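Subject: Structure handover

Hello,

Here is the structure I said I would pass on. My notes on it follow below.

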Protein chains: 2
Amino acid sequence: MNEIHSELLSSDLQETWPLLPPGDRLDGFTLLSRAEAEEFFLSLSARDQAELLLALPLKECRLWIRLLAPDDAADVIQATPAAERGRLLALLDDTTRTEVTALLAYAEDEAGGLMNPRYARVRPDMSVDEAISYLRRQAREQLATIYYAYVLDPQQHLLGVVSFRELFAAPGVKKVQEVMRTDMVTASEQMDQEAVSLLFAQHDLMAIPVVDAEGHLRGIVTVDDIVDVVQEEATEDIQKIGGMEALEGPYLQIGFVRMLRKRAGWLAALFLGEMLTATAMSYYENEIARAVVLALFIPLIISSGGNSGSQASTLVIRAMALGEVRLRDWWWVIRRELAVGLALGTTLGLIGLLRILFWQALFRLYGEHFFLIGLTVACSLVGVVLYGTIAGSMLPFLLRRLGFDPASASAPFVATLVDVSGIVIYFTVASLILRGILL
Amino acid sequence: MNEIHSELLSSDLQETWPLLPPGDRLDGFTLLSRAEAEEFFLSLSARDQAELLLALPLKECRLWIRLLAPDDAADVIQATPAAERGRLLALLDDTTRTEVTALLAYAEDEAGGLMNPRYARVRPDMSVDEAISYLRRQAREQLATIYYAYVLDPQQHLLGVVSFRELFAAPGVKKVQEVMRTDMVTASEQMDQEAVSLLFAQHDLMAIPVVDAEGHLRGIVTVDDIVDVVQEEATEDIQKIGGMEALEGPYLQIGFVRMLRKRAGWLAALFLGEMLTATAMSYYENEIARAVVLALFIPLIISSGGNSGSQASTLVIRAMALGEVRLRDWWWVIRRELAVGLALGTTLGLIGLLRILFWQALFRLYGEHFFLIGLTVACSLVGVVLYGTIAGSMLPFLLRRLGFDPASASAPFVATLVDVSGIVIYFTVASLILRGILL
């Protein structure tokens, strides 16, 4: 009965956690059974773990922080206010503290910051049988992730790697160096986490060793940490594509002021850019006054440019993030987008023309020059959609070339860029087709 | 020298692969050394592997397809035209063919389609020493992923799991059932791959067992496959957020017609929706004729609504995909977005008002009623941005409630929705403030 109650509580706590004030979180946590509390604690984000640890009494806090592997402990300490870090570090045992301190020197988003300094190691001249019993000893002494065993020389240079499957499958008397692989995928300590995750995706590995410039093994990055990295990077890109700064935290847990700042900056910048539409429109004020009917189609035309631009920029941003498209592929992309933009523009132009002819037949809204108005709208659509597609697909290249994140070529950014030009294109086409007739 | 040449070729081939015609791909591939060809082949996507296999002579083809684990072979066969599948299946050895045929019954995007039917198994009453030598025998016989050993009863019911680390660390004479864990995270065969990837992210596991309704172990999903799933799902969401159908393939490899279809559908649908702006504008044709100055600010105002809506919908879509926000959290979200929308709208309104006052002082563009015009623009901005924020944040909830993918609440979709209402809000505010003065 007690267990059922506790089960309910654990899933309840998981669900309501993001909405609970810190005090209630602690209360809920202390009500869990030891086994549940352990699983629950390990499933929390580093930020939440840090918050919980700081709220616990000292003895409890030591117990919980020692549950963490060195790389996870380093993440928790990085998520702690600077003033409290020393206090948490002091709670670790000596070996772990040394390892964690070394890890804290790396940025959170590079290979060094992701790696675990405890790995399974063997020597090249051991027999397979010796290696297996050596690994059993290592497993007893430390919390290593065992999937690959790394073959090191006495100076800790990485010579090769052997998976557990290979080690187990090999005859017991063979030497490790006879069964190890020497063509390995490795990462440098400073490699960006996005590049590390592409290595994992490309080679389907369970762990990648991190080596320094001299070839010493420094630690291993395991694929379970990469799932989080991939989620995190995708979230950042998606939020940027949506036209804002990356939140860097779960939606429900970001404070109001922080949320506002992340959104207001880009929104205000886009607003200032969009003001150019008012400037552009004021150049055509006389044309609008003479032919108000032209004004009716402005939102339709400029938004079509924005939509086609948003498609193109999103495609290119994502293809770049996945490593499918690189800077020098821009020429290939522009040729394809030119063709796609022309085809899409023609499609929308035809729909627009038909719509105007049809509405005219039904409601007689557009006066005697309805056909020329329809033609103006159709030709403008071809131009605006083509322009939107090209601008949308090239902006990510331009941003990357200039050293910015291509994901900043957000749908709203491209739309703003295209809106101003769309107005100019529309009124230019109109003055060509309608000059002397309506204008 | 020969090796250096071959090294260059392998990385060259990797880079140019997406752009090569099938014949050249085959030529390049056959030039690689055996070891490189093996690594290269395993790094290809299932689609590319299938294409290459079909182009190879029969004997070569058998060699290469037998390199693949059953789950990967099933992926390749799923990527092959139906007419060719039998031919590839016939090349597998009997055991693998049975396993692959069983896997083909599952959809590609559910747990059953991701799982590997070969896993390391032990019995609960074995001693740890016995279990380790039993695992060594299994490793010799089959290509199992060894990280966890699964404890099964004679009827193949999953009783528990023990990680290799735990097995290695335990005293050799202990029974497996004394060291195994029984509180496991498992997936059902039909569980959606997005849900499976959330399980991995939440529990930081290397593999999750797939069990059927009776508790039999059917296979295991390993985390390295999940990295691909997470990338794939994020790509789909990003492309939908950009206002198009998911491409389902790398940008550079999608054919022109397929690319066009994926983009034209949504673009045309958005265009038809956006036509309502022309209808809405025609209701206000007289107002525009009387005060052309009002038309100047239409793009500025409606795009601000679209931008704020795009921010809100993107945030909610991503939070839903990560499991941070669920359907029943809508009330919490709407209250927060109401406050955020009001704050953002007020900010933009103030900037807009200042801009009009400033431009009037500089260029005298807006006539004697410039202050009332500024006020109209400012008040409309508050309304439009608030409306955009609420519409953008609620649309994903509505779509999910109706059984659609919330990611379809794309930036362009929200913008289109908000554009029409934005025009109505603007002219309503204008008629309230300017009636009897300009209108």
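A polar contact here is a pair of N or O atoms within 3.5 Å; within protein, one must be able to donate a hydrogen and the other to accept it, and residues adjacent in sequence count only if both atoms are side-chain atoms. By that rule, 27 residue pairs are in polar contact between chain A and chain B, both residues at pLDDT 80 or more.

Some conventions first. This is a predicted model, in which local features need pLDDT of at least 70, side-chain atom pairs count only at pLDDT 80 or more, and totals for chains, interfaces and linings use all residues. Residues are numbered from 1 along each chain as its sequence is written, chains are lettered from A and ligands numbered from 1 in the order in which they are written, and side-chain values use heavy atoms, with hydrogens and water left out.

The interface

Contact (heavy atoms within 4.5 Å) involves 120 residues of chain A and 120 residues of chain B. The buried area, meaning the accessible area (1.4 Å probe) that two parts lose on being put together, summed over both, is about 11,000 Å² between the chains, and carbon and sulfur atoms give 66% of it. On the chain A side, Phe168(A), Tyr251(A) and Phe271(A) lose the most area to chain B, together 7% of what that side buries.

Two salt bridges cross the interface of chain A and chain B, a salt bridge being a side-chain nitrogen of Lys or Arg within 4 Å of a carboxyl oxygen of Asp or Glu. Arg263(B) and Glu337(A) form a salt bridge at 2.8 Å, N to O. Helix 15 (residues 256-283) of chain A supplies 18 residues, the largest share of the side of chain A that touches chain B. Helices (H or I, at least four residues) and strands (E, at least two) are DSSP runs, numbered from the N terminus.

Helix 13 of chain A

Which residues of helix 13 (residues 193-203) of chain A are buried? They are Gln193(A), Val196(A), Ser197(A), Leu199(A) and Phe200(A); buried means under 20% relative accessible area, exposed over 50%, partly exposed in between (1.4 Å probe, protein chains only). These residues lie on the same side of helix 13 of chain A because they cover an arc of only 150° around the axis, the arc being that of the directions from the helix axis to the C-beta atoms. Their packing partners include helix 9 (111-114) of chain A and helix 14 (223-241) of chain B. At the start of helix 13 of chain A, a side-chain oxygen of Asp192(A) comes to within 2.9 Å of the backbone nitrogen of Glu194(A).

Salt bridges elsewhere

The whole structure has 24 salt bridges over all chains. Among them is Arg97(A) with Asp94(A), at 2.6 Å, N to O. Both residues lie in helix 8 (residues 94-103) of chain A, three residues apart, about one turn of the helix. Arg97(A) is partly exposed at 25% relative accessible area, while Asp94(A) is exposed at 55%.

In chain B, Asp405(B) and Lys240(B) form a salt bridge whose closest N and O atoms are 2.6 Å apart. Asp405(B) is in the loop between helix 19 (370-401) and helix 20 (411-434) of chain B and Lys240(B) is in helix 14 of chain B, so the pair ties together parts 165 residues apart in sequence. Asp405(B) is partly exposed at 28%, and Lys240(B) is buried at 19%.

Regards
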